[in-house]
Amino acid sequence: MRPLSEAAAREIRAVCDAVGCRLIVDEIHSGMGRAGAFLASSHRGLRGDYYTRAKSIGGGIAKNSVALFHQDRFRPESEVMYSSTFAKDGSSAAIAVKVLEMLEADDGRAYQVAAERGDRLTGMLTSVASDFPDVVDGAEGIGLRVALEFTDRTEASCEHLREKARSGVLGYVLAGYVLREHRIRALPAGPAGNSVRFEPSIHLTDADIARTESAPRDVCTLLRDQEGHRLTP
């Protein structure tokens, strides 16, 4: 969830060019406008040779995925050798085209909305982090893909918190608590056992953000007060 710096993006591209290595940019989660641009990597000026896309390109209707190649990097034999679960499906392809048309409509209005809504969401989570500096390391992300990273709990005085943190599942416990008690769907941030990510719809309203704020504040209060036993039923 931590955005790559522009300097790191330039260095990665330079190293790949120097050694002749193709650069694959995984945009399965971050692409399709969620980051406020068609490609999240474009925010950092990172140019890949190959791009992977999936999930949202199916519009929530079809299972779909796609690999994009720069023309001068494409090898015709790849299409013969490549094995795909969802390849060459006409109806899914038609849905993908419609999704792309919706994203690009009104001069890419969807990207602008995602960026603006993401800024509001990030601002709220940053405010929570600033109020609980001993509990939250910070809020990071781009657009409508933001995570709260909590401080290390492996030495917590609460045995319940300590055990969950040491086993790497604290993020799952926190996400479950938020869904159960606040009816807000959050998810662990990949392998980071102490992070929770928020990836709401582009239709996120100010009222939704205000309602969502109570969830991380509640979690932070429990972590601060060492009341880990309240996080699970």
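## Before we start

Residues are counted from 1 along each chain as its sequence is written. Because this is a predicted model, local features need pLDDT of at least 70 and side-chain atom pairs count only at pLDDT 80 or more, while totals for chains, interfaces and linings use all residues; side-chain values use heavy atoms, with hydrogens and water left out.

## A sheet of three strands

Let's begin with an open sheet whose 3 strands follow the order E1-E2-E3, with mixed pairing. Strands (E, at least two residues) and helices (H or I, at least four) are DSSP runs, numbered from the N terminus. Two strands pair if DSSP finds at least two bridges between them. Strands E1 (24–26) and E3 (65–69) stand at the edges with a single partner strand each, so one side of each has no neighbour in the sheet. From one strand to the next, the twist averages 20 degrees; axes here are lines fitted to C-alpha atoms, for helices over the stretch in contact, and angles run from 0 to 180 degrees between N-to-C directions.

E1 and strand E2 (residues 50–54) run parallel and are joined by 3 bridges. In E2, Tyr 50 is the bridge partner of Ile 24.

Buried means under 20% relative accessible area, exposed over 50%, and partly exposed in between (1.4 Å probe, protein chains only). A salt bridge needs a side-chain nitrogen of Lys or Arg within 4 Å of a carboxyl oxygen of Asp or Glu.

A polar atom of the Arg 53 side chain does lie 3.2 Å from the backbone oxygen of Phe 38. Not counting residues up to four places away in sequence, Arg 53 touches several residues (heavy atoms within 4.5 Å), among them Glu 27, Phe 38 and Leu 68.

## Salt bridges

How many salt bridges does a search of the whole structure find? The search finds 17. In one, the side chains of Arg 120 and Asp 206 meet at 3.4 Å, N to O. Arg 120 lies in helix H3 and Asp 206 in helix H6 (residues 206–224), so this pair ties together parts 86 residues apart in sequence. Arg 120 is partly exposed, with a relative accessible area of 41%, and Asp 206 is partly exposed too, at 39%.

Arg 117 forms a salt bridge with Glu 116, with the closest N and O atoms 2.8 Å apart. Is Arg 117 buried or exposed? At 9% relative accessibility, Arg 117 counts as buried, whereas Glu 116, at 35%, counts as partly exposed. Elsewhere, Arg 13, Asp 17, Asp 49 and Arg 73 are linked in a network of salt bridges.

## Glu 149 in strand E5

Our last stop is Glu 149, found in strand E5 (residues 146–150). Glu 149 is buried, with a relative accessible area of 19%. The side chain of Glu 149 makes a polar contact with the side chain of Arg 2 at 2.8 Å. A polar contact is a pair of N or O atoms within 3.5 Å; within protein, one must be able to donate a hydrogen and the other to accept it, and residues adjacent in sequence count only if both atoms are side-chain atoms.
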